[in-house]
Amino acid sequence: MTEPDEDGYFGEDIAATYDESSADMFRPEAVEPVVDLLAGLARDGRALELGVGTGRIALPLSRRGVPVHGIDLSRAMVSRLRAKPDGDAIDVAIGDFATTRVPGEFAVAYLVFNTIMNLTTQDAQVDCFRNAAAHLRPGGCFVIEVMVPDLRRLPPGQNAVPFTVSPTRLGFDTYDTATQALTSHHVKINGGRASYSSGPFRYVWPAELDLMARLAGLRLRDRWEGWHREPFTSESRRHVSVWEKPVE
């Protein structure tokens, strides 16, 4: 398994090629529905991105006129954000987004692209909900986009599910159903040579997230399959969920 450095599992080696390796997620059709929904929730308030990374969502949201603050552990990722046009418009606190606090109140806090799973214990995920709730103003919302665990694809005795198979890249997830641990494995092939990396995650169920929200004083407002607000069903492989901080 790839060993973390001071930037966690998103050090310089990952940051250097992150945008290119996730190019499909940077396409306008992937970004604009996210920004539309978040801008609508922010209204006249500020937005807080937990795990801001290289600014895939923070930058276009800021260009919509929403003041955006970010939290991220990885200086290497944030340096890529800073190098982009308007990157200096995003205030970023370096630290663990489960516990790091920034000043002021926010209309919306959000975690996208499975980032809640970067917290590899249930306690850390609960802390994240509490941290998000502490930043929200009354009536504010916490938004998470995350996969639904793909366990239906695991027959008895198997623990691996492939997610990418191409001539230049192989990717598969291995699951430990006793601990909800998930490890993503990546094999890249370049010029006939292969390189390997992996990273740990903790998968989490929608109902489990709802309980975490209740512990943090939040209540479920909406759940959809995706950013276009498609109905969430038993066949959905991901969800976008919105929890609201009650108005006292």
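1. A word to start with: "contact" here means heavy atoms within 4.5 Å of each other. Keep in mind that you're looking at a predicted model.

2. With that in hand, take helix 3 (residues 28–42). Helix 3 lies across strand 4, strand 5, strand 10 and strand 11 (238–244), and its direction is about 150 degrees to that of strand 4. Helix 7 (residues 206–215) lies across strand 5, strand 10 and strand 11, at about 15 degrees to strand 11.

3. Seven strands form an open sheet in the order 3-2-1-4-5-11-10, and the pairing is mixed. Strand 3 (91–94) and strand 10 (219–224) are the edges, each pairing on one side only. From one strand to the next, the twist averages 20 degrees.

4. Zoom in on strand 1 (residues 47–50) and strand 4 (residues 106–111): they run parallel and are joined by three bridges. Leu48, for instance, has Ala109 in strand 4 as its bridge partner.

5. On to the aromatic rings, where the count is five pairs. In one of them, the ring centres of Phe129 and Phe142 are 5.0 Å apart and the planes meet at 80 degrees, so this pair is edge-to-face. Phe129 belongs to helix 6 (residues 122–135) and Phe142 to strand 5 (residues 136–147), 13 residues apart. Are these two buried or exposed? Phe129 is buried, at 0% relative accessible area, and Phe142 is buried too, also at 0%. Ring pairs also bring in Trp243, giving a cluster of Phe129, Phe142 and Trp243.

6. Finally, look for charges over rings. Arg46 has its charged end over the ring of Phe106, 4.0 Å from the centre, while Arg229 lies over the face of Trp224, 5.2 Å from the ring centre.

Notes: Residues numbered from 1 in each chain as written. Predicted model: local features only at pLDDT ≥ 70, side-chain atom pairs only at ≥ 80, totals over all residues. Heavy atoms only, no water. Phe/Tyr/Trp six-rings, centres within 6.5 Å; stacked < 30°, edge-to-face > 60°. Helix = DSSP H or I, 4+ residues; strand = E, 2+ residues; numbered from the N terminus. Buried < 20%, exposed > 50% of the residue type's maximum accessible area, 1.4 Å probe, protein only. Lys NZ or Arg CZ within 6 Å of the ring centre and 35° of its normal. Pairing = 2+ DSSP bridges. Axes fitted to C-alpha atoms, helices over the stretch in contact; angles between N-to-C directions.
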